Amino acid sequence: MKNIGSKLIAWIDERYDLTPVRNLLEHKKVPVHKHSIWYYMGGVTLFLFMIQLFTGILLLLYYRPGEDSAYESVRFIVTNVKFGWLIRNVHSWSANLLVLFAFIHMFSVFFSKAYEKPRELTWVTGFIILIFTLAFGFSGYLLPWNELAFFATKVGTDIVGVIPIIGEPLKVFLRGGEDVTGATLSRFFGIHVAVLPAIFTFFLALHLLFIQRQGMHEPEHFKNLPEEKKKYIPFFPDFALKDLLLWVVVFNVLIFLALYFPWELGNKADAFTPAPAGIRPEWYFMFMFQSLKLLPAHIIFIEGELLGILFFGVAGFVWMLIPYIKIKNKPNWKIQPLALIGIIIVSFIVVMTVLGYLL
Amino acid sequence: MRKRFYYIIICLITSLSLFGFNLSDKNEDKAKAGKKEDHCITCHKEMENMPKDFSENNVHLHANLTCASCHGGDPNSADQESAMNPAKGFIGIPKRKDIPKLCGKCHSNIDYMRTYQPRIATDQVEQYYTSMHGKKLLAGDENVAECTSCHTAHNIMPVKDPRSTVYKLNIPNTCNKCHGNTDMMKKYNLPGNPLEEYTKSVHGEALLKNKDLGAPACNDCHGNHGAMPPGITSISHVCGICHASNMEYFNSSKMAKVFQEQDFHGCEQCHGNHAIQKPNDNMIGDDKESKCNDCHSKGDAGFDASVKIKGLLVNLKNKYDDANAKYLEVKQKGMNDVEIGFLLQDAKQALIQSRTLIHTFDTAKVGTRTDDGIGISEKASVLAQKEIDEYYTRRNGFAAATFAFLIFAVALYFKIKEKNIKKKVG
């Protein structure tokens with residue numbers, strides 16, 4: 001077996017010269033230190049994205065967008081299609097874990113300051129990928145055309161409509177009309193399976209290319225260490241094997257969740273029924289939703305909701321540009337200002353999300 | 001200049017608001033003047049001599065009728081002698097035998113009654129005189145019920161008002177005022193416990209306990225103004241108002257003729273009347289409770305048919321119960337139960353229809369329907385079993401996958417360890 005593998009590589013090598021690939025694999029190394037665990041988060045996120053791609057394509061074989069067919073086709077997938085229940089539940093669970101790991105990955109990069117020069121663009125592309133991941137989540141949530149998704153999309157697109165000048169046209173564009181209808185479903189489907197994957201893949205390729213080009217980030221204290229004390233492991237096969245081990249565990253957890261905590265389909269969406277109780281967005285939008293809910297109707301003379309949306313917009317933009325913002329370290333401070341900002345942001349997200357589910 | 005302007009404005013507002021108050025006062029006075037004082041009520045209240053059952057919610061009072069509308073006299077006069085002068089039509093307390101006619105003065109007059117309700121019935125008095133109550137009253141029996149016995153005299157409310165004595169939920173107790181009086185009923189050779197029996201019956205439970213207004217009260221079987229016990233010929237029609245298929249099957253069966261010949265009381269013969277219970281499958285066949293055994297005995301064709309029908313029903317019931325138990329397990333396991341649920345609805349329908357078809361006394365007709373039900377139940381059972389099996393297959397599959405992943409993970413772990421050792425040695 002090994003022989004066949006070597007022969008195949010030799011055959012390709014002879015024709016296409018694999019030296020650059022071999023060099024990359026041989027030379028790429030990963031620093032070893034007490035925070036090495038965070039290096040795996042990006043890999044898990046990438047793995048979950050691949051699962052999304054695979055299960056998404058399988059769902060596409062049976063899913064039929066449309067007011068009269070979307071819900072029915074998803075029900076058919078989970079009830080009649082062989083392993084359909086598994087594929088749909090893995091897709092739903094993996095989507096949620098993907099967002100979770102993307103957030104963990106982002107904050108681990110933030111706290112280890114891995115975004116600093118020369119990796120600014122890796123951070124920027126990563127942030128863009130996160131925004132598109134959330135867009136994937138928002139557009140995919142509507143596709144089963146169930147009651148909860150229908151009303152959550154209504155509320156979500158209503159929020160978009162609050163933005164001055166572009167809000168209303170953008171809302172109409174997203175909905176494909178004044179209201180959430182079958183037209184909205186069609187375009188959300190198009191966005192989810194064609195537009196987003198294309199843009200996402202482009203930025204993901206860039207993101208990965210930057211990482212390959214620049215190698216793994218080394219922590220602050222490595223700079224002061226003598227060369228012989230710096231520990232590394234080769235990316236291939238050592239780090240890759242550990243990555244694989246984690247992926248196997250994550251995959252097993254994923255099918256456990258899919259089997260024991262299947263994603264509910266609920267009732268079919270009906271625009272004429274009153275909104276059911278407990279309409280809430282997906283958990284990853286909850287902190288923003290809850291903040292907007294807690295804001296007073298008017299702050300000075302501006303609408304509270306509008307101010308909240310503008311705040312999140314500006315905050316997101318500033319967050320994306322964080323590698324270009326210089327914040328000086330305070331030698332006397334126990335926690336440095338930047339870390340403090342990070343802690344405040346994480347606490348804010350956690351508290352608001354919890355409040356969203358409790359209130 | 002500005003001061004003067006403000007002064008004028010304040011004066012204007014004050015005078016306008018005063019004018020407004022004045023207007024509303026005048027309107028109230030006008031309204032009071034329109035409604036003349038009813039001296040009957042004023043004096044009788046003062047003397048604390050009001051009828052015991054008098055209620056301000058009386059429908060007649062709300063329709064602007066006065067005491068004099070029924071009792072005659074002049075309500076505008078404050079003088080007792082003038083107000084209660086027979087020359088002015090005063091009749092005092094009407095005699096019982098006159099009450100139906102007194103009420104009928106208005107209630108039998110469609111031209112008058114339609115001014116209140118365009119679709120109101122005006123044949124109550126006419127119907128009343130066809131009833132046993134009415135006939136006996138005409139014959140001079142003053143113990144029987146007339147209008148006020150059920151509707152009261154001074155607390156009359158619309159039928160749909162829950163406070164009314166003739167509101168559906170209150171009817172059994174209203175009738176029981178007389179029909180529960182054993183001594184009184186003895187004179188008429190009637191049992192004095194119909195309410196007691198009715199309360200325990202399937203109808204009584206539905207109406208009185210479950211407040212199901214669709215369930216029959218006394219008047220639904222006996223009629224109201226034309227109240228009579230249903231006769232032998234009409235009893236299946238009375239029950240058939242609600243139990244239409246049962247009536248149709250029975251009337252077109254061989255048994256209907258025999259019942260008529262034998263003077264049997266149709267439905268009542270097997271099901272009873274006031275104490276009617278929810279039927280069960282033991283009412284046929286060779287069981288002790290079997291009603292068929294009242295006339296049939298072992299060896300005759302009727303007995304055999306009864307045993308056969310019972311067998312068919314029990315078979316379907318068992319198959320249905322079996323499928324239903326599996327269905328509940330599927331539901332509890334969170335598997336796909338939609339299709340099974342639909343099938344079981346059909347099976348239940350087949351069971352209900354088979355039980356209804358008993359009234360044809362035809363084993364072939366019952367058998368065809370029970371066969372349908374058994375087929376559907378078995379199909380549901382197979383589907384449910386498939387879902388239950390699938391539930392365990394998924395879990396076993398997960399266990400197998402986890403085991404495979406575990407082996408793979410352990411192998412990977414050792415591979416990584418081996419590499420580390422080699423490196424250290426190297």
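Trainee: Which residues in helix 4 of chain A meet which residues in helix 5 of chain A?

Mentor: Quick housekeeping: this is a predicted model, where local features need pLDDT of at least 70 and side-chain atom pairs count only at pLDDT 80 or more, while totals for chains, interfaces and linings use all residues. Residues are numbered from 1 along each chain as its sequence is written, with chains lettered from A and ligands numbered from 1 in the order in which they are written.

Now your contact. From helix 4 of chain A come A:Val74, A:Ile77 and A:Val78, and they meet A:Gly84, A:Trp85 and A:Arg88 of helix 5 of chain A; contact means C-beta atoms, placed from the backbone, within 7 Å. Sort those residues by type and you get 4 nonpolar, 1 polar and 1 charged. Here Ala, Val, Leu, Ile, Met, Phe, Trp, Tyr, Cys and Pro are nonpolar, Asp, Glu, Lys and Arg charged, and the others, including Gly, polar.

As for geometry, helix 4 (residues 70-79) and helix 5 (residues 84-111) of chain A pack at about 115 degrees, axes 5 Å apart. Axes are lines fitted to C-alpha atoms over the stretch in contact, with angles from 0 to 180 degrees between N-to-C directions.

Zooming out, chain A has 14 helices and 4 strands, taken as DSSP runs numbered from the N terminus (helices H or I, at least four residues; strands E, at least two). Of chain A's contacts between residues at least 6 apart in sequence, 76% link residues at least 24 apart. Buried residues (20 or more other C-beta atoms within 10 Å of their own, placed from the backbone) account for 26% of its 359 residues.

Technical notes:
Two residues are in contact if their C-beta atoms, placed from the backbone, lie within 7 Å. A residue is buried if 20 or more other C-beta atoms lie within 10 Å of its own, exposed if 12 or fewer, and partly exposed in between; C-beta atoms are placed from the backbone.
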